[in-house]
Each structure stands twice: as C-alpha cells, then as structure tokens.
Amino acid sequence: MPKPVVRIYTDYKSPYAFVANKRLFELEETHGVALEWLPYTLRVAEFMGTVEERTPHFWRKVRYAYMDARRHANAQGLVMKGPRRIYDAFYSSVGMLFAQRHGFFRAYHDTVFRKFWSHELEIDDLAAITDVITSCGGSASAFEAYVNGPARDQHDRIILDAEALGVFGVPTMVFNGELFWGGDRIDMLIERIEKPETIAAALGSRHRKPA
C-alpha cells in the first residue's frame, strides 16, 4: 500500500527549517507518511532588501527571530549560532539532490544543518560541500560533475515549480495540494493527515492520470 506523501521545501540557511527537522522526520514513524525533501533556496536580498536598506525596526525583528529559533534549538539540544554573513546555499541545495539520488540523504542533510549552524561549514563553498558528500560515502568527482552539469537547471526548475505552487519561504510542507508554512504549522498539517478523507485524496492524486 503506497504511503501518502508530504513534500517539504527547506533551505540549510534557515533557522526555522533547522529546528523543524525533528518533528518532520517523526511524521514518518508516527503517521506513516513518506517525506519528499526538496530545496527552496532563499534569495535573501529579494525579500529582505540590501543591508543598506534595512531599518532599525527590521534588525529588531531579525534579532527576535534568531532568539526565538534558538529557544527551539536549545529545547532539542541543538547548537545554533547566528550566521556570520549572507550565504548562497546553491551548493548545499544541489548536494541534497545528489545525496538523495545516491542513497545517503539523511546523513548529508543532518550533517549540513548541524555543521552550518555550529559554524563548522560554509555552505557556499563547493570544496566544503564536496567534503560532506565524501564523508557520507559519495563520490567527489561525480558530485562536481553534477554541479558543473545539470544541477543548476534542475535546481532552478524545482524553485520555479515551488513558486508556482505558492511557496515563498521555508520550511513549507505540501500535503494533498495544501501548503503549510513554518514549523508552527506542523500541528495543522498533522490534523489534515489524520483525516481519512485527506489520505484517500492524497493517494488518489498520485494515481490519477492527467487529462
């Protein structure tokens, strides 16, 4: 019997995506769903503006957001240090895709999140991400060939498809066509999963042929 699928869009530089991981992975055991993880690489300047444009009000909001995320991290025994600069997470995002295809997604995913938020990893450094790939049993040459080959087109297509669904931030969960943004929406997602009619609809959508 196929499992209903929850698609999750995430980004390694998002503190709220980091602290949502534990509860999301638990859904596989507690609710029998299959998780489909995809990157939604945030373009920080696009929705936050340039550093020069940011107001004191903005920085108060940012400081609070990291303080709030750190509370959730501390409750899980996670280390969360504030990011040292603005990062382009492309290499880490396509590393996620590569790791999925080669069977070591969970090890890669957990390592990148943990090391980035403890200041042990620069996620926009190709060599650093390649080191994570090899530490998980992957091939450095195959990963670099992927990065220099189809990775960019595949990554950008995933972003475009996500935005066509209405995705604008992370973590965003998609279940049976409905979007849930943020770790504080996981309870609402669970409510939908627990309704038999939504499970039937979710399974039906996987087997329905396009018109």
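At what angle do the axes of helix α6 and helix α7 cross, and within what distance do they come?

1. Helix pair. This is a predicted model. Helix α6 covers residues 126-135 and helix α7 covers residues 140-147. Their axes cross at roughly 135° and come within 9 Å. That angle makes α6 oblique to α7. The cut-off matters here: roughly antiparallel requires an angle over 145 degrees. The crossing of α6 and α7 is right-handed.

2. Helix contact. From α6, the residues in contact are Leu126, Ile129, Thr130, Ile133 and Thr134. From α7, they are Ala140, Phe143, Glu144 and Val147. By class, this contact of α6 with α7 has six nonpolar residues, two polar and one charged.

3. Aromatic pairs. The count of aromatic pairs comes to 14. Take Tyr12 and Tyr108, which form an edge-to-face pair. Their ring centres are 6.0 Å apart, with 80° between the planes. Edge-to-face needs planes over 60 degrees apart.

4. Where that pair sits. Tyr12 belongs to the loop between β1 (5-10) and α1 (15-30). Tyr108 belongs to helix α5 (residues 105-117). The pair therefore ties together parts that are 96 residues apart in sequence. Are these two residues buried or exposed? Both Tyr12 and Tyr108 are buried.

5. Ring cluster. Tyr12 and Tyr108 also belong to a cluster linked by ring pairs. The cluster includes Phe18, Tyr66 and Tyr87. Phe113, Phe116 and Trp117 are in it as well.

Definitions and conventions: Residues numbered from 1 in each chain as written. Predicted model: local features only at pLDDT ≥ 70, side-chain atom pairs only at ≥ 80, totals over all residues. Heavy atoms only, no water. Axes fitted to C-alpha atoms, helices over the stretch in contact; angles between N-to-C directions. Helix = DSSP H or I, 4+ residues; strand = E, 2+ residues; numbered from the N terminus. Parallel < 35°, antiparallel > 145°, perpendicular 65-115°, else oblique. Left-handed = near helix turned anticlockwise from the far one by under 90°. Contact = heavy atoms within 4.5 Å. Nonpolar A, V, L, I, M, F, W, Y, C, P; charged D, E, K, R; others polar. Phe/Tyr/Trp six-rings, centres within 6.5 Å; stacked < 30°, edge-to-face > 60°. Buried < 20%, exposed > 50% of the residue type's maximum accessible area, 1.4 Å probe, protein only.
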